[in-house]
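Here are some friendly notes to read alongside the model. They go through the helix packing, then the ligand, then a database annotation.

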Amino acid sequence: MYVHAFGGLYLFTNSIISCGGKMLDNMYQNVISNKLFSFFVCFLAALAGLLFGLDIGVIAGALPFITTEFHVTIHQQEWIVSSMMLGAAIGAISNGWMSKFLGRKNSLIAGALLFVSGSIFCAQSTTPQMLIVSRLIVGLAVGIASYTTPLYLSEIASENIRGSMISLYQLMITIGILVAYISDTAFSVNGNWRYMLGIITIPALILLISVCFLPKSPRWLAAKGYFDDAKRILDRLRESTDQAKNELTEIRESLKLKQSGWMLFKSNCNFRRAVLLGMLLQIMQQFTGMNIIMYYSPKLFEIAGFATVTQKMIGTIIVGVVNVFATFIAIGVVDRLGRRPLLMLGFLIMSIAMFALATILHIGVHTTLDKYLAVAMLLIFIGGFGMSAGPLIWVLCSEIQPLKGRDFGLTVSTSTNWIANLVVGGSFLTLLNKLGNANTFWLYSILNLIFVLLTLLLIPETSNISLEHIERNLMSGNKLRDIGSRK
Ligand code: BGC
């Protein structure tokens, strides 16, 4: 049955891909301006973030019902949750070659196909083992999406809207998480975990169709020697043909670098700095502690004194809503205020909120006011993340790598994200046990304070400057903090 389903899906996809480009061409010529076209393309690509978010968010609500139906052990439960993260790390690592050789668009199509098949398999799972494998497949898709989408967006968007377009991807992640919380709540009435996991097939199919309509990345086309095609796409995306021409000239310049990928990493210390910076950025994002709230929010509400099922459910949805709204702040100001001020402000807010939360827990949650204060700190923390590290780390990681090393650099930084994600998620309960509630949150408060300093010392400002200009600054040995300088 699955073979037939795949055959049908393949034929369906192929015909969509071939007519997708033509339809989009017509639409472009007849209906919408270049600016709108460019935004539309970014929006379609950013839909991959929605699936990423849905698959992160869905499991918390489904797990109790899965546990009851399959009588799974604690160990199996951990595997059902973390197999997705493992799949994502594998997906991100292996996607480097796919996106380099087959291109960004085809990688996204492969990711979307895995999202569709993984969701179907999850819903059809008859044993815990099958569910673990299905979640691993979904994880592969998440890994591909988290690697390719920011990369594609950075190569498609023009420099004055690049920050907000990549932040759009993070917005989709947060919307996905929120929708998953809401849908879990709705399906929990009859306890049907198969619907919770299976319903994701619908947005996955929408993503699959949408990505077939995307143009190929002009930078990838140029790197493969298809300069005419790259020019044609840039002409459609940019506001004037002059702008497109200048951009292509800059891309040609950056392609003069002889080595690429691993060879470039071995031989060029400037590129090594960019790769290490990408890793540091992702470690900073994960060690803010955001995912302990994403994965354990019901437990945190319990610690804060809201222990009933309804309270935990409402609390979790509020967490999702704040995360979405805070991301709008980043989208609105990232290209005007810049990356560095927003990041520093965000880390500072998170540090203060974690500090206050730890202090409240240390003194003890005795009154109703204490309970609400603890929750308010949790929400302020999420606001701080949503307006800064959430979107901006993805923005920066896709901007700082030179064209010839972009695939390699992003493979390393994206897999670092997933490995750090596993470490933070996997160590939280142990930390609570060993250090106690207050000390654990104090620890995260100190880490966020350190990140303010690291941003001040090391992180470049990359708004309103072309990727090629950043690359020239990096490769001529400028300090990391200065690679976004216009001089
Ligand atoms: C992070 C995820 C996190 C999500 C929350 C993403 O940018 O990479 O680890 O769960 O934001 O909104």
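1. A word on terms to begin: axes are lines fitted to C-alpha atoms, for helices over the stretch in contact, and angles run from 0 to 180 degrees between N-to-C directions. Helices are DSSP runs (H or I, at least four residues), numbered from the N terminus. This is a predicted model, in which local features need pLDDT of at least 70 and side-chain atom pairs count only at pLDDT 80 or more, while totals for chains, interfaces and linings use all residues. Residues are numbered from 1 along each chain as its sequence is written, and side-chain values use heavy atoms, with hydrogens and water left out.

2. Let's start with helix α6 (residues 162-187) and helix α18 (residues 389-399), whose axes are 8 Å apart at an angle of about 125°. The two are therefore oblique to each other; angles under 35 degrees count as roughly parallel, over 145 as roughly antiparallel, 65 to 115 as roughly perpendicular and the rest as oblique.

3. Helix α4 (residues 104-124) packs with helix α5 (residues 128-156) at about 155°, the axes being 8 Å apart. That is why α4 and α5 are roughly antiparallel. The residues of this contact comprise 16 nonpolar, nine polar and three charged (Ala, Val, Leu, Ile, Met, Phe, Trp, Tyr, Cys and Pro count as nonpolar, Asp, Glu, Lys and Arg as charged, and the others, Gly among them, as polar). The crossing of α4 and α5 is left-handed.

4. For helix α16 (residues 339-363) and helix α17 (residues 368-386), the axes come within 8 Å and cross at roughly 160°. This makes α16 roughly antiparallel to α17, and their crossing is left-handed.

5. Now for the ligand: which residues come nearest? Of the 14 residues around the ligand, they are Gln170, Gln285, Gln286, Asn291 and Trp394. From a side-chain N or O atom of glutamine 285, a ligand oxygen is 2.9 Å away. The corresponding distance is 3.0 Å for asparagine 323 and 3.4 Å for asparagine 417.

6. Lastly, an unreviewed UniProt entry places a "coiled-coil region" at residues 227-254; such annotations may be inferred rather than shown by experiment. In the model, this stretch is 89% helix and 0% strand, with its end C-alpha atoms 13 Å apart.

Definitions and conventions: Left-handed = near helix turned anticlockwise from the far one by under 90°. Near = heavy atom within 4 Å. Polar contact = N/O pair within 3.5 Å; in protein donor to acceptor, adjacent residues only side chain to side chain.
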